[in-house]
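Here are my notes from going through this one, point by point. Have a look at the model first, then read on.

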Amino acid sequence: MARRAQSLVDKFLTEADFSASQRRQVEFLLATAERRTTREAAIASTIAAIRQAAADRNLANAVGARTKLLREFPDATSE
């Protein structure tokens with residue numbers, strides 16, 4: 001979604017419509033939104049995998065899923 005927004009900005013606005021610093025700020029905000037969206041999806045997917053592993057009584061898979069998530073998103077420890 002964030003990249004779609006960027007493509008619309010690029011398509012309909014010229015460089016004269018934004019200063020270089022404004023463009024960098026927009027790019028930063030879009031990247032932040034994209035990262036948050038990816039993070040939320042990864043957390044939801046990992047929680048589902050952990051629940052499935054718990055239902056299957058497979059602790060190793062549950063811990064592995066959590067470890068993989070925390071490597072990519074270390075701040076997700078409180079999730």
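1. The side chain of Thr46 reaches back to the backbone oxygen of Ala42, at 2.8 Å. Thr46 is found in helix H2, and its relative accessibility of 11% is under the 20% cut-off, so it counts as buried. Bear in mind throughout that this is a predicted model.

2. What does Thr46 touch once residues up to four places away in sequence are set aside? The list is Ala65, Arg66 and Leu69. These three turn up again on the H3 side of the contact between H2 and H3.

3. On to that helix pair. Two packed helices are described by the angle between their axes and the distance between the axes. For H2 and helix H3 (residues 59–72), the angle is about 170° and the axes are 8 Å apart. An angle over 145 degrees counts as roughly antiparallel, so that is the label for H2 against H3.

4. Who meets whom here? From H2 come Arg35, Ala42, Ile43, Thr46, Ala49, Ile50 and Ala53, and they meet Asn61, Ala62, Ala65, Arg66, Leu69 and Glu72 in H3. Sorted by class, the contact has eight nonpolar, two polar and three charged residues.

5. Besides having its backbone oxygen reached by the Thr46 side chain, Ala42 touches Leu69 and Phe73, not counting residues up to four places away in sequence. Ala42 is also one of the six residues in the largest nonpolar core, together with Ile43, Leu69, Leu70, Phe73 and Ala76. H2 and H3 each supply at least two residues of this core. In soluble globular proteins, nonpolar side chains tend to be buried together.

6. Is Arg39 buried or exposed? Its relative accessible area is 17%, under the 20% cut-off, so Arg39 is buried. Arg39 lies in helix H2, which spans residues 20–55. The Arg39 side chain makes a polar contact with the side chain of Asp75, at 3.3 Å. Leaving aside its neighbours within four places in sequence, Arg39 is in contact with Phe73, Asp75, Ala76 and Glu79. Phe73 and Ala76 in that list are also members of the largest nonpolar core.

7. Now the loop between H2 and H3, where Arg57 sits. Phi of Arg57 is near 55°, a positive value in a residue other than glycine. Most residues other than glycine have a negative phi, and most peptide bonds are trans. As for accessibility, Arg57 has a relative accessible area of 79%, which is over the 50% cut-off and therefore exposed.

8. Ser21 is another H2 residue. The Ser21 side chain makes a polar contact with the side chain of Ser19, at 3.2 Å. With 43% relative accessibility, Ser21 counts as partly exposed.

9. Last, Thr67, whose place is in helix H3. The relative accessible area of Thr67 is 31%, so Thr67 is partly exposed.

Conventions:
Residues numbered from 1 in each chain as written. Predicted model: local features only at pLDDT ≥ 70, side-chain atom pairs only at ≥ 80, totals over all residues. Heavy atoms only, no water. Helix = DSSP H or I, 4+ residues; strand = E, 2+ residues; numbered from the N terminus. Buried < 20%, exposed > 50% of the residue type's maximum accessible area, 1.4 Å probe, protein only. Polar contact = N/O pair within 3.5 Å; in protein donor to acceptor, adjacent residues only side chain to side chain. Contact = heavy atoms within 4.5 Å. Axes fitted to C-alpha atoms, helices over the stretch in contact; angles between N-to-C directions. Parallel < 35°, antiparallel > 145°, perpendicular 65-115°, else oblique. Nonpolar A, V, L, I, M, F, W, Y, C, P; charged D, E, K, R; others polar. Core = buried A, V, L, I, M, F, W, Y, C linked by side-chain atoms within 4.5 Å.
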